[in-house]
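Thank you all for making time for this. I would like to walk through one model with you, beginning with a sheet and then turning to some helix contacts and a couple of single residues.

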Amino acid sequence: MAEIANYRVESELGCGFMGGIFSRWSHWSRKAPVHSLPSSENPKKPRTNHSSQSHRRRRSSSAEPAIGENSSPAKPLQKPDQKPTRNSVSDHPRTSVSHRKIRGRRNSDAARSSTSSSKSNGSGEERKLRRESTANSLELTRVVAESRQPDDSRALVKARSSNGMALGHLGNLKQPVTKNSVTGNSTPGSTSKTILALSRGLQEMSTMPSKTGYGNIVRKNSDEFRTISNKLEPEVLKRMGNEAHKEGRFKDALVLYDRAIALDSTKAAYHSNKSAALIGLGRLIEAVGESKEAIRIDPSYHRAHHRLATLYLRLGQADKALYHYEHSGSYTNSKDVDKARALEKCLVSCDEAQKLQKWNTLLKETQFAISSGANSAPLLYALQAEALLRLLRHEEAYATYQKGPNFSIHVCTNFFGMASSAYLLMIGSHVYLAAGRFDDAVTAAQEAAKLDPNNKEIITALKRARAVSSARSSGNLLFKAEKFSHACVVYSQGLEYDPHNSVLLCNRAACRSKLGQFEKAIEDCSAALIVQPSYSKARLRRADCNAKVERWEAAIQDYEVLIRETPGDEEVGRALFEAKVQLKKQRGEDIKDMKFGSNLVSISSNERFRHIVTSPGMSVVLFCNKAKQKRVFQALEQVCKRFPSVNFLKVEVEDHPYLVKTEGVSNVPTFKIYKNGSKVKEIPGSNHELLESSVKWYSS
């Protein structure tokens, strides 16, 4: 590299194609491509030192930055009427103008001068120049290729149209694989940075003007270099994509692989690597297409076969996965094949269970298939959702369907076929209908009917979705108009198409409650809660109806479930308090001390403390001394008024040392928040703002 670093570019490039590039870069600031004529002044008159210094300053200010610390940049040529800087001593004799012109020019300038002045020998001279140009170009390429170990201290500078590059780092010419080379065993960080700089430099070099003029000669710009760069640049882009993929930057990797494919679409590795980037982005079906393209280009590409087999396994196509595992060579192991065969058997069992309507078996088989590797198969998720719907587990069916891969209808149709896509949409319609998303249910059924218009099951699903959606809309309008009997009839008509629709059941229960039919309303709410256990509106309505018929224990049970979900709900808290009061009255117990909103209780025993904090809802406990706690009490009373459904307790540490020890109280005063029997927060007694915000947070 030392030999290359000290190489004089201006004297060795000659008239080759690289000479044109380097000479244009080195003298970009010249206003004209021809040399200035000799001055008309007396040639024997010595030049002053001031002029020489001024010229030196101008030249240094327009010079390009150095490529590396140890490399010598290409120096700009001096004009014919100026002396060399190193020999600018006033007492040196001046040579003749013609001699200075010859000595001050480069070899390429001399060649051009001889070409333009000797028309009679033009053909022979041009052939000679072409041979010299080719020789210089090949010599430059050879020197670049032989530079095996570039100087580590040399800084890498991006190639631009206005600067040259060190010969050891020219463009993105492929360097021999060495210890410190780009393609060698360099560190990942330095490798990616070096490749990125090489790629950028090559791109800007390849976008130079197509023609370059020097004097009266116009020639084409480095077509040979552009051919080499276009040939090697995709490999650089691929390596950059590999680095991005290793770092988890899949979007960046995908962009780089796309650029490499755009330059050379005949390389199987580019398509296979793009497939890996698409897998990282979750775009599995697109990844299948790229893997298939890689195999089409190179049918013996084992890695692409293995990647495609894994994709087919994840998408639930066991037969195709087995085929490509068999063609994966050394990349396949016995575990992969066993997974594909197990999935194949499982899919057969799923088909049989669906035909025989053995929904528990279907649920079990689909769960096994998904856990075995087919975690991106939409058909398996649809089968599982259908089984859960048939088992009246609507909440789980909706959650399962939502977990499935979110492929578009167009993609599913192209990959899985029209029949499979229609089935997916039909199950989606059932799931949306059960969840109360009526408009989505109708839309999904309509799309399914477009794909498979002759399927009777799909036609029935569309008719059902439309009827249930219409009944719900019409019934709601009648209910708002307080025509409860008519609304009840309309809801009942919709339930004929979907007997277990929780929304219609709950709405009919509201109508029956308004009509005083509390027992029937309770039945409808219970039926809705069977398929949707977390349907809060149905639970609250059932609790209210139980309270109407004075079933206080059943009402309290539902209210306590609701208060666990929303501890700060004042309406539910008041209803729960009233139900407890009525239950005590029914049992003949004393209710003098019971008052809603005055829920600050002084603990008298350990058992009383444990009973309150383990009951449903939320409790706030103040551990304090008997005296000097007025400010803390005032803050606690204010929070009590804001959150009447929350239990507030006061524990005096002098009377209850056992509770102080078991609850881990180290400082007093201290607040501790309990929710459904579990301790969730501890707050210093002086931080009243944190107390209020925490109670609000945990009660919401």
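Let me start with strand β5, residues 647-652, which is mostly covered, since five of its six residues are buried. Please keep in mind throughout that what we are looking at is a predicted model.

Where does β5 sit in its sheet? The sheet is an open one of five strands, in the order β3-β5-β4-β6-β7, and its pairing is mixed. At the edges stand β3, residues 600-602, and β7, residues 678-684, and because each has a single partner strand, one side of each is left without a neighbour in the sheet. On average, and with direction ignored, neighbouring strands here are turned by 25 degrees against each other.

Going through the pairings, β3 and β5 run parallel and are joined by three bridges, with Val-601 standing opposite Leu-649 in β5. On to the next pairing: strand β4, residues 618-624, pairs with β5 in the parallel sense over six bridges, and here the bridge partner of Val-620 is Phe-648 in β5. Strand β6, residues 670-675, by contrast pairs with β7 in the antiparallel sense, over six bridges, and in that pairing Lys-672 stands opposite Glu-682 of β7.

Let me turn to the helices, and to α25, residues 518-531, with α26, residues 536-548, whose axes come within 9 Å and cross at roughly 150 degrees. Since an angle over 145 degrees counts as roughly antiparallel, that is how α25 and α26 are described relative to each other. The crossing in which α25 passes α26 is left-handed. On the α25 side the contact involves Phe-518, Ala-521, Ile-522, Cys-525, Ser-526, Ala-528 and Leu-529, while α26 contributes Ala-538, Arg-539, Arg-541, Arg-542, Cys-545, Asn-546 and Lys-548. By class, the residues in this contact of α25 with α26 are eight nonpolar, two polar and four charged.

The other helix pair I would like to show is α18, residues 394-403, with α20, residues 418-434, where the axes again come within 9 Å, but cross at roughly 135 degrees. That angle makes α18 oblique to α20, and their crossing is left-handed. From α18, the residues His-394, Ala-397, Tyr-398, Tyr-401 and Gln-402 meet Leu-424, Ile-427, Gly-428, Val-431, Tyr-432 and Ala-434 of α20. Sorted by class, the contact of α18 with α20 has eight nonpolar and three polar residues, and no charged ones.

Along the chain Asp-439 and Ser-469 are 30 residues apart, and their C-alpha atoms are separated by 7.2 Å. Ser-699, on the other hand, which has its place in helix α32, residues 688-699, counts as buried, given a relative accessibility of 5%. Between Ser-699 and Ile-563 there is a separation of 136 residues in sequence, and in space, from C-alpha to C-alpha, they are 8.9 Å apart.

Terms used:
Residues are numbered from 1 along each chain as its sequence is written. This is a predicted model: local features need pLDDT of at least 70, side-chain atom pairs count only at pLDDT 80 or more; totals for chains, interfaces and linings use all residues. Side-chain values use heavy atoms; hydrogens and water are left out. Two strands pair if DSSP finds at least two bridges between them. Helices (H or I, at least four residues) and strands (E, at least two) are DSSP runs, numbered from the N terminus. Axes are lines fitted to C-alpha atoms, for helices over the stretch in contact, and angles run from 0 to 180 degrees between N-to-C directions. Buried means under 20% relative accessible area, exposed over 50%, partly exposed in between (1.4 Å probe, protein chains only). Angles under 35 degrees count as roughly parallel, over 145 as roughly antiparallel, 65 to 115 as roughly perpendicular and the rest as oblique. A crossing is left-handed if the near helix is turned anticlockwise from the far one by less than a right angle, and right-handed if clockwise. Contact means heavy atoms within 4.5 Å. Ala, Val, Leu, Ile, Met, Phe, Trp, Tyr, Cys and Pro count as nonpolar, Asp, Glu, Lys and Arg as charged, and the others, Gly among them, as polar.
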